[in-house]
Amino acid sequence: MTINAPDIVAAVTDAFETYEKALLDNDLDVLDSYFWTSEFTIRFGVAENLYGAEAIQAYRRLCQPVGPGRTLHGTLVTTFGDSFATVSTQFSDGQTDDQGRQMQTWARFPDGWKVVAAHVSVMRTAS
């Protein structure tokens, strides 16, 4: 198995960056398209545990959109072969000193790269 083949890293990075832009733009159709449409897709958020693509889509339509001040740092894309990858990043919301962490597991399907599992957490600063 080849780890971090440059063309695969580039493809996953492109998918992740397009996903991130959609997150900032609150483009729900694009966000939905980047999650595997399956009951087995999972997203653990800061205050929610979502099982299945339908639950993730419903949540997106009710939650507060990500603010425009969100910035990423420490993003790491790791690929395994040509069909599996992880993307880990840290983020700031631009409004507080809280630091967020996000991890996504991506798999390549015939119609492109999809998030099959995600986890988001926030390290709260002391007040």
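**Entry 1: the cavity**

I started with the make-up of the lining of the largest cavity: four nonpolar residues, one polar and two charged. This is a predicted model, so I am reading a prediction throughout. Which residues line the largest cavity? I noted Leu 31, Asp 32, Phe 35, Ala 53, Ile 56, Gln 57 and Arg 60. Helix 3 gives the most to this lining, four residues, and helix 2 and helix 3 each supply at least two. The volume of the largest cavity comes out at about 50 Å³. I then asked how many cavities of 30 Å³ or more a search of the whole structure finds. The search turns up one.

Next I looked up the largest pocket, which holds about 660 Å³ of space. Its lining takes in 31 residues, and Val 46, Gln 64, Val 66, Arg 70 and Phe 91 lie nearest its centre. Helix 1, helix 2, helix 3, strand 5 and strand 6 are the elements that give two or more residues to the lining of the largest pocket. Which element gives the largest share? I found strand 5, with four residues. By type, I wrote down 15 nonpolar, nine polar and seven charged residues for this lining.

**Entry 2: the strands**

Strand 3 and strand 4 run antiparallel and are joined by eight bridges. They form a hairpin with three residues between the strands, and Gly 81 in the turn has a positive phi of about 70°. Phe 80 stands opposite Phe 84 in strand 4.

Strand 4 covers residues 84-92 and strand 5 covers residues 99-109; the two pair in the antiparallel sense over nine bridges. Their hairpin has six residues between the strands, and Gly 94 there takes a positive phi near 80°.

Strand 6, residues 112-123, runs antiparallel to strand 5, with eleven bridges between them. How many residues does the hairpin from strand 5 to strand 6 pass through? I count two.

Phe 84, which has Phe 80 opposite, finds its strand 5 partner in Ala 107. Ala 107 in turn has Lys 114 as its bridge partner in strand 6.

**Entry 3: the core**

I turned to the largest nonpolar core, which has 20 residues. Val 12, Tyr 19, Phe 35, Val 87, Trp 106 and Trp 113 are the ones that touch the most other members. Helix 1 (6-25), strand 4 and strand 6 each supply at least two residues of this core. Helix 1 makes the largest share, seven residues. A reminder to myself: in soluble globular proteins, nonpolar side chains tend to be buried together.

**Entry 4: two single residues**

Is Leu 76 buried or exposed? It counts as exposed because its relative accessible area is 52%, and the cut-off for exposed is over 50%. Leaving aside neighbours within four places in sequence, Leu 76 is in contact with Thr 86, Val 87 and Ser 88.

Thr 125 was my last stop, in the segment after strand 6. Its relative accessibility is 37%, so Thr 125 counts as partly exposed. Beyond neighbours within four places in sequence, Thr 125 is in contact with Asp 97 and Asp 98. Where is Lys 114 relative to Thr 125, in sequence and in space? The two are eleven residues apart in sequence and 32 Å apart in space, C-alpha to C-alpha.

Conventions
Residues are numbered from 1 along each chain as its sequence is written. Side-chain values use heavy atoms; hydrogens and water are left out. Two strands pair if DSSP finds at least two bridges between them. A nonpolar core is a set of buried Ala, Val, Leu, Ile, Met, Phe, Trp, Tyr and Cys residues joined through side-chain atoms within 4.5 Å. Buried means under 20% relative accessible area, exposed over 50%, partly exposed in between (1.4 Å probe, protein chains only). On a 1 Å grid over the protein atoms alone, a cavity is a set of points where a 1.4 Å probe fits but cannot get out, and a pocket is an open set with protein on both sides within 12 Å along at least five of seven lines; lining residues have an atom within 4 Å of a point. Grid points are joined across faces, edges and corners, and a volume is the space filled by probe spheres set on the points. Ala, Val, Leu, Ile, Met, Phe, Trp, Tyr, Cys and Pro count as nonpolar, Asp, Glu, Lys and Arg as charged, and the others, Gly among them, as polar. Contact means heavy atoms within 4.5 Å.
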